Structures are given as structure tokens and as C-alpha cells.
Amino acid sequence: MANNKVKQIWASGKAVVNAWLAIPSGFTAEMIAQCGFDSVTVDMQHGVQDYISMVECFQAMGAHPVTPMVRVPWNEPGIIGKVLDGGAYGVICPMVNTPQEARNLVSYAKYPPAGTRSNGPIRAGMYGTAGNYQKTANDEIVLLPMMETKTAVENMEAIFDVEGIDGVYIGPSDLGFSYGLVPKLDRDEPEILKIYEKIVKECGKRNLNPGIHCSGAEGAVRAINMGFKLVTLSNEVGLMSTYARMQVNQTRKDSAGKA
């Protein structure tokens with residue numbers, strides 16, 4: 001297995017800039033992979049991606065220096081093993097609320113003796129030399145359980161103490177939701193910012209890398225300055241529609257009522 005660029009960036013002390021793909025299209029993936037991101041995550045939870053479209057996205061971005069990652073739909077061994085076999089170098093897993101659930105994630109994603117992942121890296125084995133994949137996969141694959149509920153926050157230290165995770169990924173919409181707030185990405189409520197501070201501090205103590213979902217550059221820069229080590233800039237649907245809306249609005253505004 002080739003070296004994981006995400007881990008190399010973290011080792012250098014920098015933050016990873018991550019893209020997010022909701023559209024099941026190799027063409028879109030190919031375009032996004034050329035925009036300067038460090039990693040590109042296929043979203044199988046809330047995106048309209050399936051397994052075949054994930055593989056197509058990976059194939060399309062293979063020629064570009066981005067790390068392929070996946071947000072799986074759930075913490076379940078079948079899909080986690082399958083996305084890794086398909087070539088994912090990182091797994092972001094939703095709704096990990098307890099240390100046991102974090103241990104399960106590690107177990108599903110790692111080969112024995114560290115875990116219980118079944119051997120058969122159908123696509124992933126093509127990376128690097130034959131037979132090399134199994135030797136390095138446990139070390140190279142990035143595992144980020146998602147912290148997005150009040151329960152997870154209450155279990156924070158215990159989750160962070162689980163061996164084998166590389167950090168944590170914050171879902172701000174669901175996190176706010178579980179505290180009775182409206183779901184949105186770039187949060188500014190003092191009680192949520194306090195949780196972020198604690199996450200960054202506890203991760204720092206354990207050499208873990210906290211990641212977070214943002215709605216664009218502004219929120220991402222704020223998160224990086226807070227100490228987050230991986231920031232997602234919206235998804236490609238958001239980037240496309242935001243820019244399209246901006247162009248349409250500008251055309252109508254600047255054409256003085258002619259459009």
C-alpha cells in the first residue's frame with residue numbers, strides 16, 4: 001500500500017483540506033481531484049453514491065495526488081471492509097457514540113491481529129506491489145469516528161482512548177441538533193465552541209487529529225485556527241450551487257432589470 005498523504009500532512013504539522021463528493025459521477029470526481037485538495041471523500045451516507053459509483057470516483061481521481069476516503073453509511077463490518085477493498089485510504093464513520101462503538105470500527109477496519117477485517121483487497125491490492133497491501137494497510141488507513149451527538153461528547157475521553165483511531169470527525173449539524181439547536185455547519189454558539197475547544201485539546205494530548213465539516217473557506221480557516229487538522233469545504237453540490245447562484249444573482253443585479 002502506498003503511503004497515505006493525509007498521514008504525511010499530519011506528520012508535518014499541517015491541516016488537511018478535504019473535498020466531499022455527493023454526486024455519483026467519475027467525471028465530477030475527476031474535476032474535483034484537480035482543484036488542489038489533499039483528500040477527496042466519497043459520501044455514501046448522505047450523498048447519492050453507491051458502491052459502484054464510489055469505485056468510479058476512485059478510478060477517476062487515481063491519476064491525481066489526492067487521498068481517496070469514504071464516509072460509510074453506518075458502523076457495520078460489511079460496508080467498511082468493502083470500501084477498503086475498493087481502495088479507500090480513509091474511513092469516516094457516522095454516529096460513533098461510545099468507546100465500544102469506536103472499538104468496533106477499529107476491529108472492522110483492521111486486519112488481524114489488530115482487528116477482524118476479512119482478506120480480499122480486490123481493488124486496493126492493486127496499489128503498490130502484490131502482497132504488500134496487507135503488510136501496511138493497518139498503519140496507512142485513516143480511521144475517523146464521527147462525534148455528532150451529546151452522548152458522544154459525554155464519552156469523549158473514553159472514545160479518544162480507543163487504540164487504532166487516528167482522530168475524530170465533527171458533524172456540526174447533528175451535534176447542534178442533539179443539543180436542541182438548528183442543524184447548520186459553521187456554528188458560533190458558545191456552548192458548541194466550548195465543545196470544539198475541548199475536542200481539540202483532548203486530541204492534542206493523545207496525538208489525534210480532529211476533523212470538521214465546514215461550509216466553505218471562511219469556516220474552514222476558523223476551524224484550522226482553532227486547531228482542527230482536517231477541514232472539509234462543503235461538498236461539490238454546495239460548491240456548484242453556491243457559485244451558480246452567485247453568478248445568476250450578479251447577472252440579474254448588474255443588468256439593471258434587463259434579465
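Biologist: Which residues of helix H5 (residues 99-109) are buried?
Modeller: This is a predicted model, where local features need pLDDT of at least 70, side-chain atom pairs count only at 80 or more, and totals for chains, interfaces and linings use all residues. Residues are numbered from 1 along each chain as its sequence is written, and side-chain values use heavy atoms, without hydrogens and water. Buried means under 20% relative accessible area (exposed is over 50%; 1.4 Å probe, protein chains only). In H5 the buried residues are Pro 99, Ala 102, Leu 105, Val 106, Ser 107, Tyr 108 and Ala 109.

Biologist: What do the buried residues of H5 pack against?
Modeller: Helices (at least four residues) and strands (at least two) are DSSP runs, and contact means heavy atoms within 4.5 Å. The buried residues of H5 pack against H4, strand S4 (90-93), strand S5 (142-147) and helix H8 (156-160).

Biologist: At what angle are the ring planes of Tyr 111 and Tyr 133?
Modeller: Tyr 111 lies in the loop between H5 and helix H6 (132-140), and Tyr 133 in H6, so the pair ties together parts 22 residues apart in sequence. Tyr 111 is buried at 5%, and Tyr 133 at 1%. Rings pair with centres within 6.5 Å (planes under 30 degrees stacked, over 60 edge-to-face, the rest tilted). Here the centres are 6.2 Å apart and the pair is edge-to-face, because the planes are at 85°.

Biologist: How far apart are the ring centres of Tyr 196 and Phe 228?
Modeller: Tyr 196 is buried at 3%, and Phe 228 at 1%. The planes are at 90°, so this pair is edge-to-face, with centres apart by 5.6 Å.

Biologist: How many residues apart are Tyr 196 and Phe 228?
Modeller: Tyr 196 is in helix H10 (residues 190-205). Phe 228 is in the loop between helix H11 (217-226) and strand S8 (230-233). The pair links distant parts of the chain, and the separation in residues is 32.

Methods. Rings of Phe, Tyr and Trp (its six-membered ring) pair if their centres lie within 6.5 Å; planes under 30 degrees apart count as stacked, over 60 as edge-to-face and the rest as tilted.
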